[in-house]
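Dear colleague,

Please find below the structure that I am handing over to you. My notes on it follow directly after.

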Amino acid sequence: MDKPVTNSLLSAILFIFFGSLLLHFGAFLFVPMLFGLLIAFIVYPFCLWLEHQHIPRSIAITICLSIIFILFSLLVYLLIWQLQMFKEEFPIIGEKLKIALLNTQNWLQKDFNVTLKMQDEWIHSFILNSGNRITTLIDGIFSATSSALFMFFITPVYAVLFLYHRSTFVSVVIKVLSKRNEKKIRSVLQQTIFTYANFIRGMVLVYFIVGVLNAIGLSELGIKHAILFGMLTAIMTIIPYVGIILSSLLPISIAFITKDSLWYPVGVIGIFSFVQYLEGSVIFPVAVGRQLNISTWATLVAVIAGGMIWGVSGMILFIPIVAILKLIAENIPEWEALYILLKRDG
C-alpha cells in the first residue's frame with residue numbers, strides 16, 4: 001500500500017476515534033444542542049411562512065414552539081391517564097398476585113419438595129443481595145431524570161436561538177467554508193431542512209407500523225381494546241425507556257385481570273419486546289432510511305454507533321446526521337466514495 005494512502009487511512013481512523021470520544025464526553029452539550037437544531041429545522045418552514053404574513057420573528061418563533069409544547073403536553077397527559085387507569089386496577093392486581101404467589105409456592109412444595117421455609121429463606125437472601133443493586137438502580141434513575149429535565153429545559157432555548165439568529169449562523173457557515181460557493185452552500189442547507197422533514201415523516205411511519213404490530217399481537221391474545229393499547233404504546237415510545245414501560249403496564253394488567261393464566265401477561269410482554277426488537281433492527285432502519293434516501297446499511301450503522309456514543313438520543317440523532325453527511329459528500333468531488341457508500345441506490 002502506498003504511503004500517502006496509508007497516512008490518509010490512519011488520519012481517518014484517528015479522526016473517527018477522537019471525534020467519537022469528543023462526542024461521547026461532550027454529550028451534555030451536543031445532545032440538547034442537536035435536538036434544538038432538529039426542532040428549529042422542523043418548524044422553520046412554518047416560522048418563515050408566519051414571518052411572510054408580517055408577524056414579527058419573535059412572535060412567530062413563540063407560536064411554533066407553543067405548538068411543539070402542546071403536542072408534547074398531550075403525550076404527557078396520555079402517560080398520566082394511563083397511570084391513573086393502572087392505579088385503579090392496582091388493588092385487583094395485588095389480590096391476584098397474592099393468589100399467584102401462593103399457587104407457585106404450593107406447586108414448588110408439591111412437585112419439587114421445596115418447603116415453604118426454604119422458599120422464605122431464598123426470598124430473604126435475594127432481597128438482601130439485591131439491596132446494593134436497587135440502590136444503584138435508583139441512583140441511575142435519579143441521574144437520568146435530572147439529565148432529562150435539564151435537556152427538556154435547554155433544548156427549546158437552543159431552538160429559539162437557532163431560529164432567531166439563523167442569518168448569523170448561515171453567514172458564519174458560508175464564511176468558514178467558502179464565500180465563492182455561497183449558492184451551493186445555501187442549496188445544501190435548504191436540502192438539510194428537507195432531510196429533517198423526511199426524517200420526521202419516517203418516524204411517523206415507524207410509529208404507525210409499530211402500533212399496528214402491537215395491536216395485531218394483542219388482538220391475537222384476545223386482549224380488550226387491542227387497537228387503543230397498541231397505538232398508545234407505540235406513541236409512548238417517543239419518550240425513551242419510560243414511555244414503553246409505563247404504557248405497557250395497562251395492557252399487561254388487563255391481561256392479568258381478565259385472563260385465567262399468567263401466560264397471557266407474559267405473552268403481552270413478549271409481543272412488546274419482539275416488536276421493539278423489530279423496530280430497532282428492521283423497521284426503523286428501513287422506513288427512516290427510505291425517507292432519507294440513505295442505504296439500510298448506513299442507517300443500521302448510524303443507529304448502532306449512535307447508541308454506543310449517546311444511547312437512545314444518539315439512535316435518534318445520528319440518522320439525520322448521516323443523511324446530512326451524504327448531502328455534503330454529494331457536493332464534494334473528493335468525497336464521492338463516501339457518497340456512493342451512503343446513498344440508497346448504492
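In which helix is the place of L71? L71 lies in helix α3; helices here are DSSP runs of H or I with at least four residues, strands are runs of E with at least two, and both are numbered from the N terminus.

The model is predicted, so local features need pLDDT of at least 70 and side-chain atom pairs count only at pLDDT 80 or more, while totals for chains, interfaces and linings use all residues. Residues are numbered from 1 along each chain as its sequence is written, and side-chain values use heavy atoms, with hydrogens and water left out.

The nonpolar patch. F46, W49, I59, I63, I67, F69, I70, L71 and L74 make a nonpolar surface patch of about 870 Å². The elements giving two or more residues to this patch are α2 (27-52) and α3 (57-112), and α3 supplies the largest share, seven residues. Patch residues have over 30% relative accessible area and no salt bridge, and nonpolar side chains (Val, Leu, Ile, Met, Phe, Trp, Tyr) are joined within 5 Å. Areas come from the Shrake-Rupley method with a 1.4 Å probe; a salt bridge is a Lys or Arg side-chain nitrogen within 4 Å of an Asp or Glu carboxyl oxygen.

Around A329. A329 belongs to helix α12 (residues 312-330) and is buried, with a relative accessible area of 2% (buried means under 20%). Leaving aside neighbours within four places in sequence, A329 is in contact with W335, L338 and Y339 (heavy atoms within 4.5 Å). A329 and K343, 14 residues apart in sequence, are 10.0 Å apart in space, C-alpha to C-alpha.

Yours sincerely

Technical notes
Patch = residues over 30% accessible without salt bridge, like charges linked within 9 Å, V, L, I, M, F, W, Y side chains within 5 Å. Buried < 20%, exposed > 50% of the residue type's maximum accessible area, 1.4 Å probe, protein only.
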